Amino acid sequence: MARMSIVYEGFGDMLERIDRMGHDLKVAASEALEETQQLVQAKTTAASGIYAGAGRKGYATGDMVGAIGAVDPLEWAGDVATIGVGFKLPAGGGWHSIFIMYGTPKIAKDTAVYNAIRGSATKAQIAQKQEEVLKRYLSIGD
Amino acid sequence: MINVKDLLIDTLKEKEEWADFPIIQQGSMADDEEYPPHFFTFFNNESYDIAFYDNDETRTVWDFDLNFYSIDPALVNSVLREAKPLLKAKGFIVGGAGYDVISDEETHTGRGINVTYVEIL
């Protein structure tokens, strides 16, 4: 799976307000992360050209489709949460994703698949999604 | 305005031990082309603007993959780690210690790192 951490400014204030309102921060953060996972996995699936008529080379067939669906669920270790996005590497077709995302000296990477997981547009959409979820909690009990 | 790709390549070439290592774009080698014994590849993933003033961009981020392939596993493990401080001294942002990348040839292994540069316009 992709390993990346994204630090956004401003979420600290929102989380403090959610806490002061008496909501469970872990529940709010969990929901934000799970919706983030859905967002990234949908982009990964679309970029991998799974569906018929996608008009692109169908990378995600068989094992690689499974690797998209097999990513790790949300897990808390103390106050730190992790969640899987992209391709599950130990899964059968997951290793193929390294070819696709990073290329080789003789095979160009597929920038659509790479950007679906690691691109700046995806990072911006993740920030937007997480802000949207946290704002829902700010509006509960108003 | 600087050419960030050239800055990346020139920084690597400054190290004497690497002066003869080819530096090529990832994916540009032909199927029947032989790998050099040791070489770098790079790929510019994207560039995007992060700051604006008066409707004009003032800061642009350049995002690169930088990979090193070699017949020598010890070099594969050390070269990019040695490159990191050299690149940081030139203003590149280099996170982490890298990851394995796939080689077309059984004779070589490779590792990659992500390198970004914030160009102030």
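Here is a short chat about the predicted model shown above.

Biologist: How many residues of chain B are in contact with chain A?
Modeller: In this predicted model, 24 residues of chain B are in contact with 15 residues of chain A.

Biologist: OK, and what area do the two chains bury between them?
Modeller: About 1600 Å², with 54% of it on carbon and sulfur atoms. On the chain B side, B:Gln26, B:Ile102 and B:Asp104 lose the most area to chain A, and together they make up 33% of what that side buries.

Biologist: How many salt bridges are there between the chains?
Modeller: The count is two. A:Lys106 and B:Glu105 meet in a salt bridge through their side chains, at 2.8 Å from N to O. There are also 15 residue pairs in polar contact between chain B and chain A.

Biologist: Which element of chain B gives the largest share of the side that touches chain A?
Modeller: That's E2(B), with six residues. By class, that side of chain B has 10 nonpolar, six polar and eight charged residues.

Biologist: Switching to helices: at what angle do H2 and H5 of chain A pack?
Modeller: About 180°, with the axes 8 Å apart; H2 covers residues 25-47 and H5 covers residues 111-118. So H2(A) is roughly antiparallel to H5(A), since angles over 145 degrees count that way.

Biologist: Which residues make that contact?
Modeller: H2(A) brings A:Val40, A:Lys43, A:Thr44 and A:Ala47, while H5(A) brings A:Ala112, A:Val113, A:Ala116 and A:Ile117.

Biologist: And how do those residues divide by class?
Modeller: In the contact of H2(A) with H5(A), six are nonpolar, one is polar and one is charged.

Conventions: Residues are numbered from 1 along each chain as its sequence is written. Chains are lettered from A and ligands numbered from 1 in the order in which they are written. This is a predicted model: local features need pLDDT of at least 70, side-chain atom pairs count only at pLDDT 80 or more; totals for chains, interfaces and linings use all residues. Side-chain values use heavy atoms; hydrogens and water are left out. Axes are lines fitted to C-alpha atoms, for helices over the stretch in contact, and angles run from 0 to 180 degrees between N-to-C directions. Helices (H or I, at least four residues) and strands (E, at least two) are DSSP runs, numbered from the N terminus. Angles under 35 degrees count as roughly parallel, over 145 as roughly antiparallel, 65 to 115 as roughly perpendicular and the rest as oblique. Contact means heavy atoms within 4.5 Å. Ala, Val, Leu, Ile, Met, Phe, Trp, Tyr, Cys and Pro count as nonpolar, Asp, Glu, Lys and Arg as charged, and the others, Gly among them, as polar. Buried area is the accessible area (1.4 Å probe) that two parts lose on being put together, summed over both. A salt bridge is a side-chain nitrogen of Lys or Arg within 4 Å of a carboxyl oxygen of Asp or Glu. A polar contact is a pair of N or O atoms within 3.5 Å; within protein, one must be able to donate a hydrogen and the other to accept it, and residues adjacent in sequence count only if both atoms are side-chain atoms.
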